[in-house]
Amino acid sequence: MLNLKNKHQNNLNPKVIYVKIFSKLEEIEIALESIKERYLDLSQISILSKNLERFNDGDTDSTLVKPSLVDYWSSVYGVEQDIGFLNVPEIGTCFVLGPLAPVLLNILEEGKILGEFEGGLNGVLLGFGAKKSGIPKYTAALKNDDYLVVVRGTPKELKNIAVILEKNK
């Protein structure tokens, strides 16, 4: 976990991120349900993956896949989540869901593609606060059609949520 500091945040309550790799949607569902039961709030949890197999019925057009993704994740989260698609040169088309979606998509709407950022996906993950030592593992997981569950919060919040995520792996 790394501290994410910005000019709008006080240093008494720094935000950090925790990244957990899951290979099965069912594991994520169980973990998120456990978090909802204990903390009620999933608003700082994002998911990143290129695995659209369960949602695409053989189609590769993200505009056709999006309604299925929105329906599925809305049922898991209990509310509709922001969702978007990015073409990552070293991985392919990925979806990003949750609070990181508008951040990433805003970056991309400013005319830059992900590959233009220093280090491509690696640079973006580092920018969100991922540990540099974890980047190869996260990139390999995405290439392998796994899911990255990214949680942002205070160290105390993440400690509790990390315990739940580790139990449901």
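Helix H7 makes the greatest contribution to the lining of the second largest pocket, supplying 4 residues, where helices (H or I, at least four residues) and strands (E, at least two) are DSSP runs numbered from the N terminus. The model is predicted, so that local features require pLDDT of at least 70 and side-chain atom pairs pLDDT 80 or more, whereas totals for chains, interfaces and linings use all residues. Residues are numbered from 1 along each chain as its sequence is written, and side-chain values rest on heavy atoms, without hydrogens and water.

The lining comprises 13 residues, among which Tyr39, Asp41, Arg152, Glu157 and Ile161 lie nearest the centre of the pocket (an open set of points on a 1 Å grid where a 1.4 Å probe fits, with protein on both sides within 12 Å along at least five of seven lines; lining residues have an atom within 4 Å of a point). Strand E6 (147-153) and helix H7 (155-167) each provide at least two of the lining residues.

Aromatic contacts were assigned to rings of Phe, Tyr and Trp (its six-membered ring) with centres within 6.5 Å, planes under 30 degrees apart counting as stacked, over 60 as edge-to-face and the rest as tilted, and this rule gives 3 aromatic pairs. The rings of tyrosine 72 and tryptophan 73 have centres 4.8 Å apart and planes at 80 degrees, so this pair is edge-to-face. Tryptophan 73 also forms a tilted pair with phenylalanine 95, at 6.5 Å centre to centre and 45 degrees between the planes. Because tryptophan 73 lies in helix H3 (residues 62-77) and phenylalanine 95 in strand E5 (residues 92-97), this pair ties together parts 22 residues apart in sequence. Tyr72, Trp73, Tyr77 and Phe95 form one aromatic cluster.
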